[in-house]
Amino acid sequence: MTTRIVVDPVTRIEGHLRIEATLNDSNRVGDAMSSGTMWRGLEVILQGRDPRDAWAFCERICGVCTTVHALASVRSVENALDIKVPTNAQIIRNIMFLTQMLQDHVVHFYHLHALDWVDVVSALKADPAQTSALAQKISPSSPITGVGYFKDTSATLKKYVDSGQLGIFANAYWGHPAYKLPPEANLLAVAHYLEALKWQKELVKIHTIFGGKNPHPNYLVGGMASPIALQSDTAINIARLNMIKDLITQANDFVNQIYIPDLLAIASFYPEWTQIGGGLGNYLAYGDIPQGGISDVGSFRIPRGAILNKNLAEVLPVDPGDVNQIQEQVAHSWYEYTDGKTSLHPWEGQTTPKYTGPKPPFTQLDETAKYSWLKAPRWKGNAVEVGPLSRMLVGYASGKTEYKDVVNNALGALKVPATALFSTLGRTAARGLETQLCAKWLMDEYNRLIANLKAGDSTTADNTKWNPSSWPSEAKGYGFTEAPRGALCHWIHIKDGKIANYQIVVPSTWNASPRDEKGQLGAYESALLGTPLANSKQPLEILRTIHSFDPCLACAAHVLGKDGRVLSQVHVRV
Amino acid sequence: MFYGQRIHDKCYRRAFFDAGQFVEAWDDDGARKGWCLYKMGCRGPTTYNSCSTVKWNNGVSFPIGSGHGCIGCSEAGFWDNGPFYERLSNVVVPGIDATPDKIGALLGTAAVVGVGAHLVSTIVRQSSKPIPAEDVPTPSKGE
């Protein structure tokens, strides 16, 4: 007998994602489908607008990985109009990019993903003294390892549970047999869950300083709007720069003393998850953090490239401007293209909805027909995965020393081979290792900014092509970045000073992609195949793999029988 | 209280507006001195919010404080009231024929441009449809 499980919406993510999975007789996932259940439509909203305004619209796609769409958008306009941004602006953007990466990865680990591995209720059984000993063992440099600290955390947690109002911790799969951590490790993780909440709201002040606010800091075509004048009381001055340096120092401490030790400790209890959830084995990264101009791809700290079939011996070149490389297909997506076309490069992209799915409420979707609001992007015809694992693998396979060092250290600490990376746990570990690199680079970029200022350059914006009268009547461009969740690119077509066409291919379009015209599965779908479930009424294992990609969505899981009968329904409030 | 006054009413750059000292281009001398962003499209004069007093992220900054004009994101339909970088004089204001520039030109001084903008936005505020009584929330006890 096959059982079909529906998880809709998936929680502890942002947005609306539906997963349907069919279980085979051995309670493993035999088939899976991923459906985006939300219409975005920003491409339609942007048509006819001033290209210089586009960043403000795009950035508001989401408040979680805020800034990344603004960055991709201003870069697309600058690419189309051949605008070179000043060095300081480039570095400030790098600092904002890295700040986002750190904040987002830490929040994902502790607040969105850790509860797939950490049993909060079990933490109540922990002995504070033993928890303190564990904390000192895994992170001798951590300043928060005292017995009293864990006694306090335990008391806070007990008070919370006794109140009967679990709030964000209500109704998860506590006590599920797939939870393997001892109570002390659970208490440690819960303590750091709370620490991370406090820390992340401080870190984002870097965005506030340069961009005026977080979420949704301000960007500018041609540079950055925040001028630098060290003696000024209103511009980026020495007090502001010192504040940024302090925040970066705290970030490095948090990542190295708390996050990485926790990640390695938790990972060591789940070795079987290095064998589960690998998926496609195809990886793509556009790269970012330029050290020269944005077109100097070789200077990027995060390198660009693609890896196919887990072949780390070859990193293939990627060009978002090559119309033959990236195309979006709609065979299984609720869109239609004109003239019967089924595959289009984003510069020629179309956003015309064509909903053919069942009338809600419905029990299940049909994977042989159209079944998602996401298109299916493909690189040279291949379904690929994007995100921290893809970036770490491209960096590792490119032979970059910093990448090789952090990866080899982690593999050594966990005593697993490099092939362990192709897994759910590999994806989660890669995110942590990338955070470690990003924390270091954040200080490096800060130092670059200071050095450039000391050299006498305080320019932050290039106004030469600010006025639309200086633009050609028609221009095309693309702007890429690496969002925390993976490769992101915006394609723009400017005509007579206005946006004629705008297409956005976001990381989750790649990862949560439906099948394409050849029937190739998307990254989530592929990664779920073969996943064993201990209890089909509590599909914790599905959440582990889906969350390892860091989709940004919230949750009611409906578990359905073969005939669509609801076996159980679980609501998780987040 | 949060939406009771214009950002411009309590903006720390207000004195520069009144004095006719404006940022004319990104990163120019005026920008570095923190002059008024009105000519760069700032929506502070027509946006009812508390950003200029409460500020963001525990009072660290707000858009104007970091050199970019307000885009008026708390105003109804602000997204169609652009482009964001065109100064407010280009906004067609219902109920009045003259733009702030024309009013300014009539009165003949740069500083009075500001008075025009205030006049215009006040008229917009006053002429906007009154909120029906049933939509006004009743304050809870202790407020």
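**View 1. Ile326(A) stands opposite Trp379(A) of strand E8(A).** This is a predicted model, where local features need pLDDT of at least 70 and side-chain atom pairs count only at pLDDT 80 or more, while totals for chains, interfaces and linings use all residues. Residues are numbered from 1 along each chain as its sequence is written, and chains are lettered from A and ligands numbered from 1 in the order in which they are written. Also in this view, Glu328(A) has Pro377(A) of E8(A) as its bridge partner. E6(A) and E8(A) run antiparallel and share four bridges; strands count as paired if DSSP finds at least two bridges between them. As for the labels, helices (H or I, at least four residues) and strands (E, at least two) are DSSP runs, numbered from the N terminus.

View 2. What covers the faces of E8(A)? Both are covered, with Ala376(A) and Arg378(A) buried on one side and Pro377(A) and Trp379(A) buried on the other. Buried here is a neighbour count: 20 or more other C-beta atoms within 10 Å of the residue's own, against 12 or fewer for exposed and anything in between for partly exposed, with C-beta atoms placed from the backbone.

**View 3. Two cis peptide bonds turn up in chain A, one between Asn214(A) and Pro215(A), the other between Pro360(A) and Pro361(A).** As background, most residues other than glycine have a negative phi, and most peptide bonds are trans. At the Asn214(A)–Pro215(A) bond omega is about 5 degrees, and Pro215(A) sits in the loop between H8 and helix H9 (238-267) of chain A. At the Pro360(A)–Pro361(A) bond omega is about -5 degrees. Pro361(A) belongs to the loop between strand E7 (343-344) and strand E8 (376-379) of chain A.

**View 4. Ile289(A) has a positive phi although it is not a glycine, and so does Lys310(A), a residue other than glycine.** For Ile289(A), phi is about 65 degrees. You'll find Ile289(A) in the loop between strand E4 (283-285) and strand E5 (305-307) of chain A. Is Ile289(A) buried or exposed? Ile289(A) counts as buried, because it has 25 C-beta neighbours inside 10 Å. Lys310(A) has phi near 60 degrees and sits in the loop between E5 and strand E6 (326-329) of chain A. Lys310(A) has 15 other C-beta atoms within 10 Å, so it is partly exposed.

**View 5. Helix H6 of chain A covers residues 147-162.** Its 16 residues reach 22 Å from first C-alpha to last, close to the 22 Å expected at 1.5 Å a residue, where the expected span is 1.5 Å times one less than the number of residues. Which residues of H6(A) are buried? They are Phe150(A), Thr153(A), Ser154(A) and Leu157(A). These four lie on the same side of H6(A) because they cover an arc of only 100 degrees around the axis, taken from the directions from the helix axis to the C-beta atoms. Gly148(A), Ala155(A), Lys159(A) and Asp162(A) are exposed on the other side of H6(A). The buried residues of H6(A) pack against helix H5 (128-138) and helix H7 (183-203) of chain A. After H6(A) comes Gly164(A), with a positive phi near 75 degrees.

**View 6. Where chain A meets chain B, 29 residues of chain A are in contact with 23 residues of chain B.** Contact means that the C-beta atoms of two residues, placed from the backbone, lie within 7 Å. On the chain A side, helix H2 (54-59) and helix H8 (205-211) are the elements that give two or more residues. H8(A) gives the most, with five residues. By class, this side of chain A has 11 nonpolar, 13 polar and five charged residues; nonpolar means Ala, Val, Leu, Ile, Met, Phe, Trp, Tyr, Cys and Pro, charged means Asp, Glu, Lys and Arg, and the others, Gly among them, are polar.

View 7. Along the sequence its pattern reads α-α-α-α-α. Of its 143 residues, 41% count as buried.
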